[in-house]
Every structure is written in C-alpha cells, then in structure tokens.
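Me: I am new to this structure and would like to learn how to read it. Could we go through it feature by feature?

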Amino acid sequence: MSDLDQLTQSLARNLKRWRKERGFTLDALAARAGVSRGMIIQIEQARTNPSVGTTVKLADALGVSITTLLDYEQGPQVRLVPPDQAVRMWSTSTGSHTTLLVGTEARGPLELWSWTLMPGEGSDSDPHPDGTTELLHVTAGVLTLVVDEVEHTMPAGTSAVFEANVSHAYRNDGDETVEMTMAVSIPPAR
C-alpha cells in the first residue's frame, strides 16, 4: 500500500470516527466545515484524497488536529516520530512543501510543522477558529507573512506569533529557499 493509500484510509477511518464521536450527521459536519456532504461521503469511503484546505476545514469543524484525523492511535507518554513517518501534506513540482512533524490533543490540538517554500511560491490559508494561534520561526531565507492583508517581512532568525482567525498567507518573494518551523495551537471544540 502506498503512502497516499495509507493516508486516504486513515483519513476515511478517522473522519468517520470523530464525526460519530462528536454526534455530527453528514449534513451537520458539512455545514460546520463548509465542505459538501458529497465530499465528506467520498472521504469517509476512501474514494478521494482531499486538499489540505479541505482537511483543515474538517479538522477545525471537529475540533481536532490534522494529526488526529490522519491517525488517532495513542501510544506511550513519549511518542517519537521518525523522519520517514512525518506526513507530507502539500508539495509543488518545484520543491515547496509542508510536513506535519508531530501533533497532540493535550488541552486542544497542537501541531508542529516544517515548511519549505521555493522562490516565487506561497500558500494561502483560510481563517481558523477563534482562539487558534500560530507561532513561526524562519531558519533560512526571507518569509513574507501576510496576516489580514498586512505583509510582514521575516528574515532568517525571526519569529512571530499571531491569532490565526483571519485570512493569512506565507510567501517566498525572494530568490532563496525559505525554511521555517510552525506550531499551531487550536482551541478544543465547544
């Protein structure tokens, strides 16, 4: 089974599990997430591999992290994630990509991401639920962080924290590859 097949199967199993655990009908989850009922059915039947944006919307609507939607197995107190088990969520043909390194559900979902953005590329994000916070640290290149349409230039060594309940984007407007680490804290579902 390929990595993509495993990802699709895990997402199908876990989406159905968390939807039922939260007591949401297909229609209720569709309305909360802004994702069509048909798309949710296809995901739960492992017939499609949704975009990162769709997966984020579903996770937000369920009040869980993407990590939880991809695999909810709970292990010992310390969980090591070898590099080959980190989940590549988004990539482009020129080499930009994001990798979900590790996540937890302690006091609401918390995710740690590794990002690479090639020159001229970027990624837009829809607003997350109120109370969601993102922390970034740029380790190479110069990141352009756009939060609520305001641009912030972040050279290597710069860190930032912001409330992510507004539209935001990450861009590489320079000619060097941008490398950054991001932590996302999501409030628990109410």
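Me: In which strand is the place of Trp113?

Reply: Helices (H or I, at least four residues) and strands (E, at least two) are DSSP runs, numbered from the N terminus. Trp113 has its place in strand E3, residues 110-117. Two notes on the source come before the rest. This is a predicted model, in which local features need pLDDT of at least 70 and side-chain atom pairs count only at pLDDT 80 or more, while totals for chains, interfaces and linings use all residues. Residues are numbered from 1 along each chain as its sequence is written, and side-chain values use heavy atoms, with hydrogens and water left out.

Me: Is Trp113 buried or exposed?

Reply: Buried means under 20% relative accessible area, exposed over 50%, and partly exposed in between (1.4 Å probe, protein chains only). With a relative accessible area of 7%, Trp113 is buried.

Me: Which residues does Trp113 touch?

Reply: Contact means heavy atoms within 4.5 Å. Not counting residues up to four places away in sequence, Trp113 touches Ile66, Met89, Thr98, Thr99, Leu100, Leu101, Met180, Thr181, Met182 and Val184. For Thr99, 14 residues apart from Trp113 along the chain, the C-alpha atoms are separated by 5.6 Å.

Me: With which side chain does the side chain of Trp113 make a polar contact?

Reply: A polar contact is a pair of N or O atoms within 3.5 Å; within protein, one must be able to donate a hydrogen and the other to accept it, and residues adjacent in sequence count only if both atoms are side-chain atoms. Here the partner is the side chain of Glu111, at 3.1 Å.

Me: What does the protein look like in totals? How many helices and strands does it have?

Reply: There are 5 helices and 10 strands. Of the 190 residues, 42% are buried. Among contacts with a separation of 6 or more, 63% are between residues 24 or more positions apart.

Me: Which residues of helix H2 are buried?

Reply: An α-helix has 3.6 residues a turn, so residues three or four places apart point the same way. In H2 (residues 26-33), the buried ones are Leu26, Leu29, Ala30 and Ala33. Seen down the axis of H2, they fall within an arc of 100°, so they line one face of the helix. That arc is taken over the directions from the helix axis to the C-beta atoms. The cover over these residues includes helix H1 (3-22), helix H3 (37-44) and helix H4 (52-62). After H2 comes Gly34, with a positive phi near 70°.

Me: How many of the residues of H4 are buried?

Reply: In H4, 8 of the 11 residues are buried, so this helix is largely enclosed by the rest of the structure. They are Thr54, Thr55, Val56, Leu58, Ala59, Asp60, Ala61 and Leu62. Their cover includes H1, H2, H3, helix H5 (66-70) and strand E1 (87-91). Gly63 follows H4, and its phi is positive, near 70°.

Me: Where does a polar atom of the side chain of Thr55 lie 2.9 Å from a backbone oxygen?

Reply: The backbone oxygen is that of Ser51. Thr55 is buried at 3% relative accessibility. Beyond its neighbours within four places in sequence, Thr55 is in contact with Leu11, Pro50, Ile66, Leu69 and Met89.

Me: Where does Pro50 lie?

Reply: Pro50 is in the loop between H3 and H4. Its relative accessible area is 12%, which counts as buried. Not counting residues up to four places away in sequence, Pro50 touches Leu11, Ile43 and Thr55.

Me: How many residues has the largest nonpolar core?

Reply: In soluble globular proteins, nonpolar side chains tend to be buried together. A nonpolar core is a set of buried Ala, Val, Leu, Ile, Met, Phe, Trp, Tyr and Cys residues joined through side-chain atoms within 4.5 Å. The largest one has 40 residues, and those with the most contacts inside it are Leu58, Leu136, Leu143 and Tyr170. H4 gives the most to this core, with 5 residues. Domain 1 (3-70) and domain 2 (83-185) both give residues to this core, so it lies between them; the domain bounds come from an automatic or database domain assignment.

Me: Which residues does Leu58 touch?

Reply: Not counting residues up to four places away in sequence, Leu58 touches Leu15, Leu29, Ala33, Val35, Ile40, Ile43 and Leu69.
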